[in-house]
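Reader: I would like to go through this model by question and answer. Please start with the pockets and then turn to a helix.

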Amino acid sequence: MAVELARACDLSVCVDHVEQINALGTAADAAGVRLRVLTEIDIGQTRCGVTSQDDLLVLVAAINRYPSLRFGGLQAFNGKIQHEAAFGPRKSAAMVAIDLVASYLRCLEARGIAVETVTGGGTGTAEFDVTSGVYTEIQPGSYVIMDRHYGASEWSGAVTPRHSLKVATTVMSTHPSGRAVLDVGLKGLTLDSGLPALSGVAAEQAQVMRVNDEHSVIEGQPGLFRLGDQVMVIPGHCDPTVNLYDEIVGVRNGVVESVWPVDARGLSR
Ligand SMILES: Cc1ncc(COP(=O)(O)O)c(C=O)c1O
């Protein structure tokens, strides 16, 4: 697949094992395409990536064995620190990760290995990564639309992302106690990062108590919600929630300006 894509665009592929390089190199050599390969280093995520300079050098040497492959630089992403809520500890953790990236860079530079790209960073650490002088590219995604989990973080630096992603729901049941039920549940919201939040005026007067398959139960002052009311809900985690919908409706000042298809929805294989 990478080889097919490389015919159509300038593609970089991340690797952290020699077997991946061998598979890519063999396929790219045979297809006559050139691939840019980024070696992934583990800077605290404990997901993908090598954990030593020696292992990194093994990968770079393996890439250089294939005429079709070109060492493009480092992939260095630490997702664990993105959601550290407090600004100071998040900044400190980002600096530790950045220092680690810098040590890998020094190792490569000492051997005369040119590093074109150093890519990483997410919404939580982008402002520190940008000013680090280490990264040449950053990868934040959630900041564009945001979610409740990121929204609960302390943003006292140069970056203060705002919520734009909301799920439009309708009140489908009310109770004299102040309880109301929205027509969205787990099939339209993900809960891996906690409960969603209400948006706008409703957020000050009511809160989400629980989410079931097709319903969300909210509680506020008696009489606050009426049947048919539209209530905007901020998802707990934006990435997997977007994947639950066919379209995103773009609204500005209450007017629908665009409808964007979610092209990659359901393409997990
Ligand atoms: C490798 C990588 N880069 C960037 C991101 C984007 O992070 P965020 O949406 O928190 O900005 C992710 C998110 O999962 C990721 O896995």
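Author: This is a predicted model. The largest pocket holds about 790 Å³ of space. Its lining has 22 residues, and those closest to the centre are S164, K166, I248, V249 and V251.

Reader: Which element gives the largest share of the lining of the largest pocket?

Author: At least two lining residues each come from β6 (167-174), β11 (230-234), α8 (238-242), β12 (247-252) and β13 (255-261). The largest share is six residues, and the element that supplies them is β12.

Reader: Turning to helix α3 (residues 53-64), what distance separates its end C-alpha atoms?

Author: Helix α3 has twelve residues, and at 1.5 Å a residue it should span 16 Å.

Reader: Where on α3 do its buried residues fall, seen down the axis?

Author: The buried residues of α3 are L56, L59, V60, A62 and I63. Seen down the axis they fall within an arc of 160°, so they line one face of the helix. An α-helix has 3.6 residues a turn, so residues three or four places apart point the same way. For the buried residues of α3, then, the place is one face of the helix.

Reader: Which elements do the buried residues of α3 pack against, and which exposed residues are on the face turned away?

Author: The packing partners of the buried residues are β1 (12-15), α2 (18-31), β2 (35-40), β3 (69-75) and α4 (87-110). On the face turned away from the buried side, the exposed residues are D54 and N64.

Reader: For the chain, what share of contacts between residues at least 6 apart in sequence joins residues at least 24 apart?

Author: The chain has eight helices and 13 strands, and its C-alpha atoms fill a box of roughly 70 × 40 × 30 Å along the principal axes. Of its 269 residues, 42% are buried. Among contacts between residues at least 6 apart in sequence, the share joining residues at least 24 apart is 65%.

Terms used: Residues numbered from 1 in each chain as written. Predicted model: local features only at pLDDT ≥ 70, side-chain atom pairs only at ≥ 80, totals over all residues. Heavy atoms only, no water. Helix = DSSP H or I, 4+ residues; strand = E, 2+ residues; numbered from the N terminus. Expected span 1.5 Å × (residues − 1). Buried < 20%, exposed > 50% of the residue type's maximum accessible area, 1.4 Å probe, protein only. Arc of directions from axis to C-beta. Contact = heavy atoms within 4.5 Å. 1 Å grid on protein atoms, 1.4 Å probe; cavity = no way out; pocket = protein on both sides within 12 Å on 5 of 7 lines; lining within 4 Å. Points joined across faces, edges and corners; volume = space filled by probe spheres on them.
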